[in-house]
Amino acid sequence: MIWLEDVAVGDVSRFGAYKVERDEVIAFARRYDPQLFHLSDEAAAATHFGRLSASGWHTASMAMAMIVAHFRDTGFQSIGSPGVDELRWTRPVFPGDTLHCETEVLETRTSASRPEMGFVISRWTVLNQDNVPVMTMRPTVMIRTRPKAG
(Lines give C-alpha, C1' and ligand atoms only; values in the text may rest on other atoms or scores of the structure.)
Protein backbone atom coordinates (compact mmCIF):
# COMPACT_ATOMS: atom_id res chain seq x y z
CA MET A 1 0.00 0.00 0.00
CA ILE A 2 1.13 3.53 -0.78
CA TRP A 3 -0.16 6.22 1.57
CA LEU A 4 0.44 9.98 1.52
CA GLU A 5 3.38 9.55 3.88
CA ASP A 6 5.10 7.28 1.33
CA VAL A 7 5.05 9.90 -1.45
CA ALA A 8 7.86 12.46 -1.76
CA VAL A 9 8.40 15.51 -3.93
CA GLY A 10 10.57 14.48 -6.86
CA ASP A 11 9.34 10.87 -7.02
CA VAL A 12 9.17 9.74 -10.66
CA SER A 13 7.25 6.74 -12.00
CA ARG A 14 7.24 5.34 -15.54
CA PHE A 15 4.61 2.81 -16.54
CA GLY A 16 2.01 1.64 -19.00
CA ALA A 17 1.77 0.49 -22.58
CA TYR A 18 -1.41 1.35 -24.45
CA LYS A 19 -1.62 0.39 -28.12
CA VAL A 20 -3.78 2.88 -30.03
CA GLU A 21 -6.15 0.98 -32.33
CA ARG A 22 -7.78 2.57 -35.39
CA ASP A 23 -11.24 1.13 -34.64
CA GLU A 24 -11.11 2.48 -31.08
CA VAL A 25 -10.09 5.96 -32.33
CA ILE A 26 -13.10 6.06 -34.66
CA ALA A 27 -15.53 4.57 -32.12
CA PHE A 28 -14.49 7.08 -29.44
CA ALA A 29 -14.77 9.96 -31.91
CA ARG A 30 -18.20 8.88 -33.15
CA ARG A 31 -19.49 8.92 -29.61
CA TYR A 32 -17.64 11.84 -27.98
CA ASP A 33 -15.70 14.01 -30.47
CA PRO A 34 -17.16 13.60 -33.97
CA GLN A 35 -14.78 15.89 -35.79
CA LEU A 36 -14.01 14.60 -39.28
CA PHE A 37 -10.24 14.26 -38.76
CA HIS A 38 -11.00 11.74 -35.98
CA LEU A 39 -13.47 9.82 -38.17
CA SER A 40 -12.17 9.71 -41.73
CA ASP A 41 -8.79 9.03 -43.31
CA GLU A 42 -9.74 11.22 -46.27
CA ALA A 43 -10.88 14.17 -44.17
CA ALA A 44 -7.83 13.89 -41.92
CA ALA A 45 -5.49 13.85 -44.93
CA ALA A 46 -6.72 17.34 -45.83
CA THR A 47 -5.78 18.76 -42.39
CA HIS A 48 -2.54 19.59 -40.59
CA PHE A 49 -2.72 16.09 -39.02
CA GLY A 50 -2.25 14.49 -42.43
CA ARG A 51 -3.93 11.28 -41.28
CA LEU A 52 -6.49 9.95 -38.85
CA SER A 53 -5.71 11.10 -35.31
CA ALA A 54 -7.15 10.32 -31.89
CA SER A 55 -9.22 12.88 -30.05
CA GLY A 56 -7.35 14.62 -27.24
CA TRP A 57 -10.13 13.46 -24.94
CA HIS A 58 -9.47 9.90 -26.10
CA THR A 59 -5.77 10.40 -25.32
CA ALA A 60 -6.73 11.58 -21.83
CA SER A 61 -8.96 8.51 -21.43
CA MET A 62 -6.20 6.14 -22.52
CA ALA A 63 -3.85 7.85 -20.03
CA MET A 64 -6.44 7.49 -17.28
CA ALA A 65 -6.70 3.74 -17.97
CA MET A 66 -2.93 3.44 -17.51
CA ILE A 67 -2.96 5.61 -14.37
CA VAL A 68 -5.74 3.60 -12.71
CA ALA A 69 -3.97 0.32 -13.53
CA HIS A 70 -0.75 1.74 -12.06
CA PHE A 71 -2.53 2.88 -8.89
CA ARG A 72 -4.12 -0.56 -8.55
CA ASP A 73 -0.84 -2.39 -9.20
CA THR A 74 1.15 -0.30 -6.71
CA GLY A 75 -1.53 -0.01 -4.01
CA PHE A 76 -1.63 3.79 -4.30
CA GLN A 77 -4.51 4.80 -2.01
CA SER A 78 -6.23 7.23 -4.39
CA ILE A 79 -9.66 8.47 -3.38
CA GLY A 80 -10.37 10.70 -6.37
CA SER A 81 -9.37 14.11 -7.62
CA PRO A 82 -10.69 17.65 -7.30
CA GLY A 83 -9.38 18.46 -10.77
CA VAL A 84 -6.66 18.82 -13.35
CA ASP A 85 -4.71 21.93 -14.30
CA GLU A 86 -2.65 22.66 -17.37
CA LEU A 87 -3.99 19.93 -19.65
CA ARG A 88 -2.13 20.17 -22.98
CA TRP A 89 -2.18 18.01 -26.10
CA THR A 90 1.32 18.58 -27.42
CA ARG A 91 1.42 16.19 -30.41
CA PRO A 92 -1.17 14.16 -32.29
CA VAL A 93 -1.76 10.54 -31.41
CA PHE A 94 -2.22 8.16 -34.32
CA PRO A 95 -3.49 4.61 -34.70
CA GLY A 96 -0.51 2.32 -34.27
CA ASP A 97 1.13 4.46 -31.58
CA THR A 98 1.91 2.87 -28.22
CA LEU A 99 1.53 5.26 -25.30
CA HIS A 100 3.11 5.17 -21.85
CA CYS A 101 3.16 7.52 -18.86
CA GLU A 102 5.63 9.30 -16.65
CA THR A 103 4.65 11.08 -13.44
CA GLU A 104 6.67 13.40 -11.22
CA VAL A 105 5.46 14.49 -7.77
CA LEU A 106 5.54 18.28 -7.39
CA GLU A 107 3.84 18.76 -4.01
CA THR A 108 2.23 16.80 -1.17
CA ARG A 109 0.18 18.03 1.75
CA THR A 110 -2.23 16.73 4.37
CA SER A 111 -5.75 18.12 4.28
CA ALA A 112 -6.27 20.79 6.93
CA SER A 113 -9.92 19.79 7.46
CA ARG A 114 -9.69 16.01 6.87
CA PRO A 115 -6.50 14.56 8.38
CA GLU A 116 -7.36 11.07 7.06
CA MET A 117 -6.49 12.29 3.57
CA GLY A 118 -4.09 14.48 1.70
CA PHE A 119 -3.22 15.75 -1.76
CA VAL A 120 -0.52 14.92 -4.27
CA ILE A 121 0.09 17.35 -7.12
CA SER A 122 2.05 15.81 -9.98
CA ARG A 123 3.07 16.42 -13.54
CA TRP A 124 1.84 13.61 -15.79
CA THR A 125 3.35 13.21 -19.22
CA VAL A 126 2.00 10.79 -21.81
CA LEU A 127 4.60 9.76 -24.39
CA ASN A 128 4.46 7.77 -27.60
CA GLN A 129 6.71 4.88 -28.62
CA ASP A 130 9.43 7.36 -29.66
CA ASN A 131 9.35 8.96 -26.17
CA VAL A 132 7.81 12.10 -27.67
CA PRO A 133 5.36 13.78 -25.27
CA VAL A 134 1.82 13.82 -26.66
CA MET A 135 -0.04 15.11 -23.59
CA THR A 136 0.79 16.77 -20.28
CA MET A 137 -1.32 17.69 -17.29
CA ARG A 138 -0.99 18.67 -13.66
CA PRO A 139 -3.60 16.82 -11.61
CA THR A 140 -4.28 16.98 -7.91
CA VAL A 141 -4.99 13.52 -6.53
CA MET A 142 -6.55 12.87 -3.15
CA ILE A 143 -4.89 10.05 -1.22
CA ARG A 144 -5.45 8.38 2.11
CA THR A 145 -3.04 9.01 4.97
CA ARG A 146 -1.61 6.04 6.81
CA PRO A 147 -4.12 4.82 9.43
CA LYS A 148 -3.08 5.63 12.98
CA ALA A 149 -2.20 2.62 15.15
CA GLY A 150 -4.77 2.36 17.78
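Figure 1. Gly118 has Ile143 of S5 as its bridge partner. This is a predicted model, in which local features need pLDDT of at least 70 and side-chain atom pairs count only at pLDDT 80 or more, while totals for chains, interfaces and linings use all residues. Residues are numbered from 1 along each chain as its sequence is written, and side-chain values use heavy atoms, with hydrogens and water left out. S4 and S5 run antiparallel and are joined by 9 bridges; two strands pair if DSSP finds at least two bridges between them. Helices (H or I, at least four residues) and strands (E, at least two) are DSSP runs numbered from the N terminus. The hairpin of S4 and S5 has 5 residues between the strands, and Asn131 there takes a positive phi near 60 degrees.

**Figure 2. The pairing of S2 with S5.** These two strands run antiparallel, and 5 bridges join them. Arg88 stands opposite Thr136 in S5, and Trp89 stands opposite Met135 in S5.

Figure 3. Thr125 lies in strand S4 and counts as buried, with 13% relative accessibility. Buried means under 20% relative accessible area, exposed over 50%, and partly exposed in between (1.4 Å probe, protein chains only). Leaving aside neighbours within four places in sequence, Thr125 is in contact (heavy atoms within 4.5 Å) with His100, Cys101, Glu102, Pro133, Met135 and Thr136. Val126, not counting residues up to four places away in sequence, touches Ala63, Leu99, His100, Cys101, Val132, Pro133, Val134 and Met135.

**Figure 4. The largest nonpolar core.** A nonpolar core is a set of buried Ala, Val, Leu, Ile, Met, Phe, Trp, Tyr and Cys residues joined through side-chain atoms within 4.5 Å. The largest one has 27 residues, and Phe76, Val93, Leu99, Val120, Val126 and Met135 have the most contacts inside it. Two or more residues come from each of helix H1 (22–32), helix H4 (56–74), strand S3 (98–110), strand S4 (117–127) and strand S5 (133–144). H4 gives the most to this core, with 6 residues.

**Figure 5. The largest pocket.** About 250 Å³ of space lies in this pocket. On a 1 Å grid over the protein atoms alone, a pocket is an open set of points where a 1.4 Å probe fits, with protein on both sides within 12 Å along at least five of seven lines, and lining residues have an atom within 4 Å of a point. Grid points are joined across faces, edges and corners, and a volume is the space filled by probe spheres set on the points. The lining of the largest pocket has 18 residues, of which Ser13, His70, Phe76, Thr103 and Val105 lie nearest its centre. H4 gives the most to this lining, with 4 residues.
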